[in-house]
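Please open the model in the viewer and keep the selection panel at hand.

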Amino acid sequence: MTTPARGSLLGIEHLETKEILRLLQLARRMNPQKARPLLRGKRIVLLFYEASTRTRTSFEFAAKALGATTTLVLSSGSSIEKGESIIDTGNTLRAVGADCIVMRHPAAGAPHFMAKHLDIPIVNAGDGMHEHPSQALLDAVTILKHKKSLKGLQATIIGDIFHSRVARSACHLLTRMGVKMTLCGPPELVPDVAATLMPGLRLTRHIEEALRGTDVIMLLRVQSERLAGLKIQLQDYIARYQMTAARLKLAKRDAIVMHPGPIIRGLELTAEVADCPQSVIVDEVRNGVPTRMAILARALGRA
Ligand code: CP
């Protein structure tokens, strides 16, 4: 095998715009409470080499809402601990009857590698610092619930963009849909080169400048587990970049506050902002289920 199986979702960067639009449309039609059993008889493996709460549970609930059975394989407590390779793990899961694998891995490209070797669809649930396509789709679904359309919106991403697969996938998707994107953070977390990676990105180091006139604010957690020697003075970060109620007033009056989670209250945002009426953070989590229903239905050729 060299070409990923039809229905695989490995990233947003190489996904055709018409496929993104189809997934967004399908996600908005999916209702976890009234789902048709489109995937009855299908077996979906959730293969997680890295911690997850939202992505893992919402893929599981999405699969079950559509009538599929699921099984969870974590690196801890499985034969991955004994040294089994990615491909041998994939072949094993295929041999026991998996119809689709949803995979999270700390290494960029791991799901793509798996997809090259297996004849079943692979869904990327987050690969290292590379992409998190289902998060970008559910975020677009969330924005569309609050704004008429994506085209012409101004969105600002603040925080640890360098380590963020969420930011990368969001930039690919939202710039493609005509959103004007601003990136904001210190040089350690948002290097100058970030703004040159795709057309239509603006970079500023000043949160006040980033927020003025924005429709959508996306906050990111400082990913301490990926800093690897990089020293961030957290008190300095909080002073310069924490989203506070006072700073939120600089954005448009109807701006929404997003965060892919997990949130760290008191670091990238205050508790007051996390729980304010403009915060759609819980809504993002909720939208993860119908969005992942759409992704799984497409993966298994039922949409
Ligand atoms: N947003 C996100 O990927 O959250 P989890 O790590 O909890 O899945």
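Contact here means heavy atoms within 4.5 Å. The model is predicted: local features need pLDDT of at least 70, side-chain atom pairs count only at pLDDT 80 or more, and totals for chains, interfaces and linings use all residues. Residues are numbered from 1 along each chain as its sequence is written, and side-chain values use heavy atoms, with hydrogens and water left out.

Select Ile44 to begin. Leaving aside residues up to four places away in sequence, Ile44 touches Leu39, Ala63, Ala68, Thr69, Thr70, Thr71, Cys100, Val102, Leu296 and Leu300.

Next, colour the two domains, whose bounds come from an automatic or database domain assignment: domain 1 (17-130 + 287-299) and domain 2 (134-285). Their C-alpha centres lie 26 Å apart. Across the boundary, 25 residues of domain 1 are in contact with 24 residues of domain 2.

Now display the buried area, that is, the accessible area (1.4 Å probe) that two parts lose on being put together, summed over both. Between domain 1 and domain 2 this amounts to about 2100 Å², with carbon and sulfur atoms giving 58%. Select Arg54, Met129 and Asn287: together they supply 35% of the area that domain 1 buries against domain 2, more than any other three residues.

Finally, select Glu50 and Arg165. These residues form a salt bridge (a side-chain nitrogen of Lys or Arg within 4 Å of a carboxyl oxygen of Asp or Glu), and their closest N and O atoms are 3.0 Å apart. The count of salt bridges between domain 1 and domain 2 is 1.
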